[in-house]
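Here are my notes for a colleague opening this structure for the first time. Please keep the view open while you read the numbered points.

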Amino acid sequence: MAKTTETAADPGVTQPAKAAKPLTMAAALNTAMRDALTEDSNVVIFGEDVGPLGGVFRITDGLTRDFGEDRVWDSPLAESGIIGTAIGMAMYGLRPIVEMQFDAFSYPAFEQIVSHVAKMRNRTRGRVSLPIVIRIPTSGGIGGVEHHSDSSEAYWTHTPGLTVVTPSNPADAYSMLREAIASDDPVIFLEPKSHYWMKEGTPQSGPALPMNKAAVVREGTDVTLLSYGPTVAVALKTAKLAEDEDLSVEVIDLRSLSPFDDETVGASVRKTSRAAVIHEAAQFGGYGAEVAARVTEREFYHLAAPILRITGADIPFPAPLLEKHYLPTPERILNALSTWEWEV
Amino acid sequence: MSLTEETRAPAVLPDAEAFSLIDAGGAAVPEKQRRGYDLPDIDVLKELYRRMVIARRWDTQVTALTRQGRLSTYPSARGQEASEIGTVAAMQDTDWLFPTYRDSIAVWSRGVPTAELLSGFRGDWHCGWDPNEHRTAPQATPLATQTLHAVGFATAAKLKNDPIATVAFIGDGATSEGDAHEGFNFAGVWQAPTVFVIQNNQYAISVPIAKQTRARMLADRAVGYGIPGYHVDGNDAAAVYTIVSEALERARSGGGPTIIECLTYRMEPHTNSDDPSRYRDAEDVAAWKDKDPIDRLEKYLTAQDAIDDALREEIAKESEDAAAAMRDAMNAEPALDPMELFEHVYNAPRPALLEQRNALKAELDEISDGGRVN
């Protein structure tokens, strides 16, 4: 039986061979899968419409054509079935990459992910690993109709056994997806769907930051904005606007939601003594609550003010014409920062 | 190779009458009712008998020890030996079994040592054996989820051209779960080499089959998925062995999946904490006792002069040895290492998890140093 522990890529070298011209995030993801399929015959891709169509977002465009239907194929339309069969394939020794078509469409697979994907290694005392990548186009900002704009990260980060990462730019999309495919742990890979066509942050040559590390994407001295996925761009815009108010904003792209990079975040907060976390998901019980509690526990005596959460409201994701009132904006973030008492 | 074939499967309903080769009285079913099948070789039947007798003794011992508190729970398979053992006996070593919590005797029959097998029910670890060593997945508790694992595994084998088949056990109640549907359907579409063995033991804890489906029988499901379906007397080991063997052979040689409904009965409560007197009649249980899978095979083999007292004694001794070994294994204190709780969650080590591990270590050290005891 073909039981393999071979990995798809060396996480140390994770930039695409040909990055001469700017890549969109969609193209970077496509290139990452293409390179993994080329390098490791155990990598397979399946899901809804990922075959000849190339997925509803075209992220798997051309892969069935170039690698054949026994490497990249359309599955029946059933998310629990997709994850459940990926588990069996991974037990056999394959490295499946599966796509949940939209964030909220991953919920039928919740049991397979939480009860099996996350637990298999632990329940078998480390004897069975599941090197599965679950790609989920996530969050709003594209005017999606109901059930097409959820941010589901807190469900996954609350589940021990899962690694949860989310890129915010094409370079990270490439290197993090390569590393996720090479990982022997199952990875929830959240792709900010509003960023699929962005070209800023295109892959450069040289080694990439490991996927479990946060990145300081803008240095500042007065406040740390903790952002990830689609809110990194919002945080950067906020930082720019804040210059007019003589506020020096440091922006961190968390990249890895689980594990959490305490080191990078802690160092920043000790420097600025103020932090706010920004996400699209609803606030109550959200990922920001964990970040605020965790950073407070560790850095309380360095903090000059309570950690703020600037997030979606505690309501279901709105209909497309109303989503602009829900999503965190630079103005809303700046307003929130102004509620702190600044003269200490 | 493509997983998907464009050709549509013909719609063929399974025979309504359960297929049987040896009747409840222990007589061979007349040749004209055997649908062209022969009885398995007498040596196969003797081996089925041997394994079923030992399995029942083993199962009885586990139930007894559970009542004494040595295990936290145990779902017995008493009465279902023909379905459990008949299926496993039909498998090759390289095939994989995807069992449920009910199927401990099947896992035992795959060669998993007792202490490892009962690790989960005793409570020292969720799955105690190495699935790769025994080609046996962990026992699934979330119902019907394992059908999809079996289909994925089998599909991977098919993609790699390995002649391996998988068996997924599933109960009658679990066929109501969405994952059962998805498992059957994915297997049909991908022509996965998977054999689904539905053990219809009549009850899902307390709820009878009539409250799970209005269909004539569960085997009828197969036609909707374009899969061959069989309705088998699940207390006839010869019939189970024959149909599962044929289905596995078909699966290994590219013929796709099969759904087999084994009609059987759970003689014991769901687990030790169940009370069947609240939902089923003693007469019902007695009627099924008359169809006992071991009694009927013993009668058949005796009539064939295939077993004598010497063999019975030999099997009885093996049974007692298996029960004693199991008792010894369960009476020995399990080796528990609280630090191991943190070891297997991730391949990649996590500093934050290490902090929690060290906190527990410090707690335990304080207790063993005679400090604060909670």
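1. Start with one pair. Ala276(A) has Leu308(A) as its bridge partner in strand 12 of chain A. The chain reaches strand 12 of chain A from strand 11 of chain A by way of helix 10 (residues 287-299) of chain A, and this β-α-β crossover is right-handed. Right-handed means that, with the strands pointing away from the viewer, the path from the first strand over the helix to the second runs clockwise. Helices (H or I, at least four residues) and strands (E, at least two) are DSSP runs, numbered from the N terminus.

2. A word on the source. This is a predicted model: local features need pLDDT of at least 70, side-chain atom pairs count only at pLDDT 80 or more, and totals for chains, interfaces and linings use all residues. Residues are numbered from 1 along each chain as its sequence is written, while chains are lettered from A and ligands numbered from 1 in the order in which they are written.

3. Back to the strands. Strand 11 (residues 275-282) and strand 12 of chain A pair in the parallel sense, over five bridges. Strands pair if DSSP finds at least two bridges between them. Strand 12 (residues 308-312) of chain A is largely enclosed by the rest of the structure, because five of its five residues are buried. Buried means 20 or more other C-beta atoms within 10 Å of the residue's own; exposed means 12 or fewer; partly exposed is in between; C-beta atoms are placed from the backbone.

4. Which residues touch the most other members of the largest nonpolar core? They are Ala276(A) and Ile260(B), in a core of 191 residues. Such a core is a set of buried Ala, Val, Leu, Ile, Met, Phe, Trp, Tyr and Cys residues joined through C-beta atoms within 7 Å. Contact means C-beta atoms, placed from the backbone, within 7 Å.5. Compare Pro320(A). Pro320(A) sits in the loop between strand 12 and helix 11 (330-338) of chain A. Pro320(A) counts as partly exposed, because it has 15 C-beta neighbours inside 10 Å. Setting aside neighbours within four places in sequence, Pro320(A) is in contact with Gly143(A), Gly144(A) and Val145(A).

5. Is His116(A) buried or exposed? His116(A) is buried, with 25 other C-beta atoms within 10 Å. His116(A) lies in helix 4 (residues 110-117) of chain A. Not counting residues up to four places away in sequence, His116(A) touches Ile87(A) and Thr145(B).

6. Now the two chains together. In chain B, 40 residues are in contact with 40 residues of chain A. Helix 7 (145-159) of chain B is one of the elements that give two or more residues to this side. The largest share, 11 residues, comes from helix 7 of chain B.

7. Chain B as a whole has 14 helices and seven strands. Its radius of gyration (taken over C-alpha atoms) is 22 Å, close to the 21 Å that the globule rule gives for 374 residues, so chain B is as compact as a globular protein of that length. The globule rule is 2.2 Å times the number of residues to the power 0.38. Of the 374 residues of chain B, 46% count as buried.

8. Chain B is divided into domain 1 (31-331) and domain 2 (338-368). These bounds come from an automatic or database domain assignment. The C-alpha centres of the two domains of chain B lie 38 Å apart.

Terms used
Two residues are in contact if their C-beta atoms, placed from the backbone, lie within 7 Å.
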